Amino acid sequence: KRLLETQGYRATLLEVPAEAVAKVRGGEMFDLVVTDYDMPAMTGMEMAIELRAMQADLPIILMTGYAEATTPEKMEEAGIVAKLQKPFTRTDLAHCVRRTLDQNEP
């Protein structure tokens with residue numbers, strides 16, 4: 001969250017996937033979601049599927065340390081538009097966020 005804010009973005013930090021799902025279900029709109037693959041109660045992939053069912057144009061970046069956990073096909077099905085393989089740098093994250101937002105501008 002701090003890194004994104006230092007880059008000029010407004011960021012919301014949610015630690016439980018169900019919170020993000022509830023916010024979108026409640027009508028809150030996000031420009032981008034950056035999520036981890038491994039989270040409590042549901043994976044980032046599962047959360048992405050739920051979020052995209054409610055906000056179809058929502059770009060989602062998946063951070064993961066599990067190379068084998070995601071394939072391009074699985075990512076596409078879940079609506080993941082970019083993957084950040086751990087470990088990554090602050091610069092990697094900043095560039096990925098900017099690229100993703102630029103690619104998804106109307």
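1. Asp31 sits in the loop that connects H2 and E1. The model is a predicted one, and in it Asp31 is exposed, with a relative accessible area of 62%, which lies above the cut-off of 50% for that class. Even so, apart from neighbours within four places in sequence, Asp31 makes contact with Leu58, Pro59 and Leu101. Between Asp31 and Thr91 there are 60 residues in sequence and 20 Å in space, taken C-alpha to C-alpha.

2. On confidence, the chain has a mean pLDDT of 92, with 98% of its residues at 70 or more.

3. Strand E1 includes Thr35. Is this residue, Thr35, buried or exposed? Thr35 counts as buried because its relative accessibility is 3%, and the class requires a value under 20%. Setting aside neighbours within four places in sequence, the contacts of Thr35 are Gly44, Met47, Ile60, Ile61, Leu62 and Met63.

4. Helix H3 spans residues 44–54, and its buried residues are Gly44, Met45, Met47, Ala48 and Leu51. These lie on the same side of H3, because the arc they cover around the axis is only 155 degrees. The cover over the buried residues of H3 includes helix H2 (17–25) and helix H4 (72–78), together with the strands E1 (33–36), E2 (60–64) and E3 (80–85).

5. The largest pocket holds about 1200 Å³ of space. Its lining comprises 38 residues, and those nearest the centre of the pocket are Leu4, Thr12, Leu32, Val33 and Val34. Elements contributing two or more residues to this lining are helix H1 (2–6), H2, E1, H3 and helix H5 (90–103). How many residues of each class does the lining of the largest pocket have? There are 24 nonpolar, ten charged and four polar residues.

6. Glu5 belongs to helix H1, an element that gives two or more residues to the lining of the largest pocket. With a relative accessibility of 36%, Glu5 counts as partly exposed, a class that falls between the cut-offs of 20% and 50%. Glu5 and Ala48 are 43 residues apart along the chain, and their C-alpha atoms are separated by 23 Å.

Definitions and conventions. Residues are numbered from 1 along each chain as its sequence is written. This is a predicted model: local features need pLDDT of at least 70, side-chain atom pairs count only at pLDDT 80 or more; totals for chains, interfaces and linings use all residues. Side-chain values use heavy atoms; hydrogens and water are left out. Buried means under 20% relative accessible area, exposed over 50%, partly exposed in between (1.4 Å probe, protein chains only). Helices (H or I, at least four residues) and strands (E, at least two) are DSSP runs, numbered from the N terminus. The arc is that of the directions from the helix axis to the C-beta atoms. Contact means heavy atoms within 4.5 Å. On a 1 Å grid over the protein atoms alone, a cavity is a set of points where a 1.4 Å probe fits but cannot get out, and a pocket is an open set with protein on both sides within 12 Å along at least five of seven lines; lining residues have an atom within 4 Å of a point. Grid points are joined across faces, edges and corners, and a volume is the space filled by probe spheres set on the points. Ala, Val, Leu, Ile, Met, Phe, Trp, Tyr, Cys and Pro count as nonpolar, Asp, Glu, Lys and Arg as charged, and the others, Gly among them, as polar. pLDDT is the predictor's confidence in each residue, from 0 to 100.
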